[in-house]
Amino acid sequence: MQEMIANLAMGFDTATTPMNLLYCFFGVFLGTFVGVLPGIGSLAAISMLMPLTFYVPPDTALIMLAGIYYGTQYGGSTAAILLNLPGTPSSAVVCLDGYPMAKQGRAGVALAMTTFASFIGATFGIIVLTMFAEMLAQVGMSFAAADYFALMLLGLVASSTLAAGSPLKGIAMVLVGILLGQVGTDVQTGLPRYTFGSLSLADGISLVALSMGLFGVSEVISNIAGGGHAGSVYRVTLRSLIPTRKDVRESAAPAARGTMLGSLIGALPGTGTNIASFMAYVVEKRVAKNPKKFGTGAVEGVVAPESANNAAAQTAFVPTMTLGIPGDAVMALLLGVLIMHGIQPGPRLIEAQPTLFWGLIASFWIGNIILVILNLPLIGLWVRLLSVPRQILMPAILVFMCIGVYSVNLNVFDVWVMIAFGVMGFTMIRFGFEPAPLILGFILGPLVEQYLTRALLISGGDPMVFVQRPISAGLLAATAILLIVTVYGSLRRRRKVEP
Amino acid sequence: MRKQTLREILSGAVVTLSGVAFSIGALQYGLGSFSQMQPGMFPFLVGLMVAFTGLLIAAGAVLTRAAPEPVDESDQTDEPVQGEWRALLLVSAALIVFGLVVSRFGMAPAVIVLVLLVGVAERERRPLQAVVVALSLAALTTALFIYGLGMNIPVATWGP
């Protein structure tokens, strides 16, 4: 306990340097910004700012990018409540009761309650992260190469099959991502693979260009193609934010349940904030005495999902930081940034980089407090943002991405890569392929190969090594079950729909 | 055959082909054995898995006659409408022009050309607004990136 307090104190020392405070503020501010904007998500925003991280130390970079991630969870509900458009996928479920509340003139209450719920969820999530991170890292230390291989496999399969869309297509995307990660010089032998003799590909496909193309360019194209979302925005005054006593009383239990559920789901591999908020809503509907009121502006229906997705956003850092296994694509991007800075993710990360890890945790506390301030007294600013024409925003986003991707190596080749993946991402989405699993495969692929090679080298080529170790065998069994259940389930479900 | 089925078969085929291509490419790097894997082994195996997944996608579509997947709002699997292809083409063209201009003429001209071309891609075109946005973004990015962050990109130049 005392050690934890000492660690946290060290973290706050790191997080409260003027530069880190500034970047933390910048991160959560931008996070709220893209969260409020429908159509641009945290993946696009984080990719956009990745080039900037080359100018700052890794802890500052991580503090900023993480701030974008949990900041979007706060902002996402604003558009959901005011426009009936989810600012982020995880706030889609908030539309169900948030928008009816706005129609009844209770938009202010809905916004205030989601912010409180978000803060409660996030706070508990950070506590979970603080308590269990080192414990889990200790467990991770005892993992052998075979166990790591199995764990990564489970993470990849979980994140591709549990995400939106067809599980088979998700798996295809993870595998294609792994293949794209093969491009470049092989670490073991120094042999260039799939570079076609190009020097620009010798270091592999640039993660910045790849993610900006897949998430940024493709989203901007969809936005431009989709036309404007000019709708009437409800006005929100500060006075209207004040909830009634009944609202608070009705929200307490849902917030607690959502927080618990979200903390648990966020820490699992492959289940992100979307599933957390969706499940929290379903649970509330189940336990409610009067389920009929859901969908008509029930405050429980906005509080539970919002506390759940914010809790999940914080506990998602548990497997990412302690085991080096990212739960979703955002976490994978953060790991990618760490790797770019020469930091090896895994169970030794906390030990090797204590200021980075504890500084990050401390920045979560600070960031969440900033977010409450940004989202309550300054709510009017974000409401006004919703009426900024897209014809100004979209070109601006493209400009920032183009300059960003070009500035990394001052190599136009990276711009071409970004365009290629932008076109690919756009086309993929139209054919029902989600681009998020691809980035997971791309970042984890080289690690999977390393662990596989090492495990087989130790065992002398005997693949039985993966089933002889209990940890690895258990993880592989879980992977197999997940694979069978989801793929079989998706085929069956489709057959059922057919008359 | 329904359009949806055809679409699924097509996507499965593309996935399978890319997997096969990677596997064939992997052969030249040497496979080795399981105990001593050569650089080609891992991509070879993953390529085969990709190809197999592609076959499953296509087979699934044929077997189930591809009843529409449960659609939610975020998961649009509709075929792109004409306007979308137009936006795709014009935005990619704008980005390509940015790439061509930035290395030869510097950042400010590249930004201006990019914004103006994106303005063409918009459904509602507002030429005057596009010009204003282009000029202000050029000024803003120059101040922010070149003077603020000290990026080593010329503002405007007649370089090679």
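Predicted model: local features only at pLDDT ≥ 70, side-chain atom pairs only at ≥ 80, totals over all residues.

Student: What makes the contact of helix 10 with helix 11 of chain A, and how do its residues divide by class?

Tutor: Contact means heavy atoms within 4.5 Å, and on the side of helix 10 of chain A the residues that meet helix 11 of chain A are A:P254, A:R257, A:G258, A:L261, A:G262 and A:I265. Helix 11 of chain A contributes A:I275, A:A276, A:M279, A:A280, A:V283, A:E284 and A:V287. By class, the contact has nine nonpolar, two polar and two charged residues; glycine counts as polar here, and A:G258 and A:G262 are among the residues of helix 10 of chain A in this contact.

Student: Why is helix 2 of chain A described as oblique to helix 16 of chain A?

Tutor: For helix 2 (residues 18-36) and helix 16 (residues 354-375) of chain A, the axes come within 9 Å and cross at roughly 50°. Roughly parallel would need an angle under 35 degrees, and roughly perpendicular one from 65 to 115, so with roughly 50° helix 2 of chain A is oblique to helix 16 of chain A. Their crossing is right-handed. Helix 2 of chain A brings A:L21, A:C24, A:F25, A:V28, A:F29 and A:T32 to the contact, with residues of helix 16 of chain A including A:I366, A:G367 and A:I370. The residues of this contact divide into nine nonpolar, four polar and no charged.

Student: Which residues join helix 18 of chain A to helix 5 of chain B, and at what angle do these helices pack?

Tutor: These two helices pack at an angle of about 35°, with their axes 10 Å apart, and helix 18 of chain A passes helix 5 of chain B in a right-handed crossing. Among the residues that meet are A:I392, A:V399 and A:F400 in helix 18 of chain A and B:L137, B:L140 and B:F145 in helix 5 of chain B. This contact has 11 nonpolar, three polar and no charged residues.

Student: What makes a space a cavity, and which elements line the largest one?

Tutor: A cavity is a space where a 1.4 Å probe fits but cannot get out, and the structure holds five of 30 Å³ or more. The largest cavity has a volume of about 90 Å³. Its lining includes A:Q391, A:P395, B:Q129 and B:V133, and the elements that give two or more residues to that lining are helix 18 of chain A together with helix 4 and helix 5 of chain B. By class, the lining has five nonpolar, three polar and four charged residues.

Student: Which residues lie nearest the centre of the second largest pocket?

Tutor: Of the 33 lining residues, A:D203, A:G204, A:I205, A:I339 and A:P446 lie nearest its centre. This pocket has a volume of about 1000 Å³, and helix 20 of chain A gives the most to its lining, with six residues.

Key
Residues numbered from 1 in each chain as written. Chains lettered and ligands numbered in written order. Heavy atoms only, no water. Helix = DSSP H or I, 4+ residues; strand = E, 2+ residues; numbered from the N terminus. 1 Å grid on protein atoms, 1.4 Å probe; cavity = no way out; pocket = protein on both sides within 12 Å on 5 of 7 lines; lining within 4 Å. Points joined across faces, edges and corners; volume = space filled by probe spheres on them. Axes fitted to C-alpha atoms, helices over the stretch in contact; angles between N-to-C directions. Parallel < 35°, antiparallel > 145°, perpendicular 65-115°, else oblique. Left-handed = near helix turned anticlockwise from the far one by under 90°.
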